[in-house]
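Please open the structure in a viewer and keep the selection panel at hand.

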Amino acid sequence: MIPRIAILISGRGSNMVALAESVCSGVLAGCCEIAAVISSRPGVPGLAKAQELGLPIVALDARALGKEAYDAALLLALEQARADVVVLAGYLRIVSPRVVAKYRGRILNIHPADTKLHQGLHGYEWAFANELAATKITVHLVDEGLDTGPVLAQREVDLRGTGILEEVERRGLAVEHRLYPEALKTFLTTNYPNFANGTPSCES
Ligand code: GRF
């Protein structure tokens, strides 16, 4: 069976779009199927983008639900999607121990910095404020900690001559959008070696 991935978002969703395009016609074609795009916030731009791409969406409201009910709703959504792998893409929540326990070793995240040097939010602001000549985008497995899981892939972003924060982020995101599909492909082919090498799954 081809691995089914659930993409978890909380906002803009540009990495989710990059992954979806890759499943459709890039390095992820035939490697996995997008079973659901799940948002922790209703009405975010990423959900509209997922809908436009014809992907199944689930909009949860973490603030309204509260921690316990949110975790239960997330686990149910993942179960209903029959997700094998959980892919965080701009997901602004710490994954709870309950969810980590169920999907241990099968939750990936992309972090806009070297996770050994900077954890948590605002990775590009950190690189800009520290006038770094380069930063490292990191794809890692998720454990109970804040960006503490094993690193799967890293790629450097040259920040020389950026001048403004927006340029730092623009260069970083361009790298993220290439690195995440590639790292996910390596993860899937390593962990699901007998995956169905099926046809690319996309709408058009
Ligand atoms: C990205 O910079 C990602 O590395 C970080 O959050 C941001 C999400 O952007 N975890 P998007 O929602 O994928 O556009």
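**The ligand and its surroundings**

Select the ligand in this predicted model and display the residues around it: Arg12, Gly13, Ser14, Asn15, Gly90, Ile110, Pro112, Tyr124, Leu173 and Glu176. Colouring this shell by class gives 4 nonpolar, 4 polar and 2 charged residues.

A polar atom in the side chain of Arg12 lies 2.6 Å from an oxygen atom of the ligand. For Ser14, a side-chain N or O atom is 2.5 Å from a ligand oxygen. At Asn15, turn to the backbone, where a polar atom is 2.9 Å from an oxygen atom of the ligand.

Two or more residues of the shell around the ligand come from each of α1 (14-25) and α7 (165-191).

**The largest pocket**

Which pocket does the ligand take up? The space that the ligand takes is the largest pocket, and about 850 Å³ of space lies within this pocket.

Select its lining, which consists of 34 residues. Centre the view on Gly90, Tyr91, Leu92, Pro112 and Leu121, the lining residues nearest the centre of the pocket. In the cartoon, highlight α1, β5 (107-111), α6 (123-129) and α7, the elements that each give two or more residues to this lining.

Finally, colour the lining by class: 13 of its residues are nonpolar, 14 are polar and 7 are charged.

Conventions: Residues are numbered from 1 along each chain as its sequence is written. This is a predicted model: local features need pLDDT of at least 70, side-chain atom pairs count only at pLDDT 80 or more; totals for chains, interfaces and linings use all residues. Side-chain values use heavy atoms; hydrogens and water are left out. A residue is near a molecule or strand if one of its heavy atoms lies within 4 Å of it. A polar contact is a pair of N or O atoms within 3.5 Å; within protein, one must be able to donate a hydrogen and the other to accept it, and residues adjacent in sequence count only if both atoms are side-chain atoms. On a 1 Å grid over the protein atoms alone, a cavity is a set of points where a 1.4 Å probe fits but cannot get out, and a pocket is an open set with protein on both sides within 12 Å along at least five of seven lines; lining residues have an atom within 4 Å of a point. A molecule sits in a cavity or pocket if more than half of its atoms lie within 2 Å of its grid points. Helices (H or I, at least four residues) and strands (E, at least two) are DSSP runs, numbered from the N terminus. Ala, Val, Leu, Ile, Met, Phe, Trp, Tyr, Cys and Pro count as nonpolar, Asp, Glu, Lys and Arg as charged, and the others, Gly among them, as polar. Grid points are joined across faces, edges and corners, and a volume is the space filled by probe spheres set on the points.
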